[in-house]
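Hi,

Here is the structure I promised to pass on. Have a look at it first, and then read my notes below.

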Amino acid sequence: MRRNIFSTVSILLLMITFLMFGYDPTKWYGGFFNFLYDISIFTPLILGGLGIISASFGIKGDIRMVLIVLHAFSSCLFLGAYVNSVS
């Protein structure tokens, strides 16, 4: 049962992270993502790290591997966007 909870948390964090990458601040959900970005510019990376940790405790097998790879991919996207915006 706990493995299902960890996998669900990882999926939710993945959805939030992907939505943070392409959100529109003028839409109804823009306030929530503005709040997350106001906390820190590194919030998506932190959510990705928490998602990887949660996925590692989740359901074993292909689901775990896919979640870890997708979290790593989203973290790389944000890291690349951050590096391009700084330089």
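To start with something to look up: is phenylalanine 32 buried, partly exposed or exposed? Phenylalanine 32 is partly exposed, with a relative accessible area of 44%; buried means under 20% relative accessible area, exposed means over 50%, and partly exposed is what falls in between, using a 1.4 Å probe and protein chains only. This residue lies in helix α2. Its C-alpha atom is separated by 9.6 Å from that of methionine 20, twelve residues apart from it along the chain.

Before you go further, a word on the ground rules. This is a predicted model, so local features need pLDDT of at least 70 and side-chain atom pairs count only at pLDDT 80 or more, while totals for chains, interfaces and linings use all residues. Residues are numbered from 1 along each chain as its sequence is written, and side-chain values use heavy atoms, with hydrogens and water left out.

The overall picture

The protein has four helices and zero strands, and from the N terminus on its elements run α-α-α-α. Helices here are DSSP runs of H or I with at least four residues, strands are runs of E with at least two, and both are numbered from the N terminus. The C-alpha trace spans about 40 × 30 × 20 Å along its principal axes. Of the 87 residues, 25% count as buried. If you take the contacts (heavy atoms within 4.5 Å) with a separation of 6 or more, 64% of them are between residues 24 or more positions apart.

How α3 packs

Helix α3 (residues 43–56) and helix α4 (residues 62–86) have axes that come within 9 Å and cross at roughly 170°. That makes α3 roughly antiparallel to α4, a label for angles over 145 degrees. The axes are lines fitted to C-alpha atoms, for helices over the stretch in contact, and the angles run from 0 to 180 degrees between N-to-C directions. On the α3 side, the residues that meet α4 include Leu45, Leu47 and Ile52; on the α4 side, they include Arg64, His71 and Phe78. By class, this contact has ten nonpolar, five polar and one charged residues. Ala, Val, Leu, Ile, Met, Phe, Trp, Tyr, Cys and Pro count as nonpolar, Asp, Glu, Lys and Arg as charged, and the others, Gly among them, as polar.

Then there is α1, which packs with α3 at an angle of about 155°, their axes 8 Å apart. These two helices are therefore roughly antiparallel to each other as well. Among the residues making the contact are Phe6, Leu13 and Met20 of α1, and Thr43, Leu47 and Ala55 of α3. They divide into nine nonpolar, six polar and no charged.

Inside

Threonine 17 lies in helix α1 and is buried, with a relative accessible area of 0%. Leaving aside its neighbours within four places in sequence, threonine 17 is in contact with Pro44, Leu47, Gly48, Ser74 and Phe78.

Leu47 and Phe78 also turn up in the largest nonpolar core, which has six residues, the others being Leu13, Met20, Phe33 and Leu36. Such a core is a set of buried Ala, Val, Leu, Ile, Met, Phe, Trp, Tyr and Cys residues joined through side-chain atoms within 4.5 Å. Helices α1 (2–21) and α2 (30–39) each supply at least two residues of this core. As for leucine 36, its contacts beyond four places in sequence are with Ile16, Met20 and Thr43.

Cheers

Key. Angles under 35 degrees count as roughly parallel, over 145 as roughly antiparallel, 65 to 115 as roughly perpendicular and the rest as oblique.
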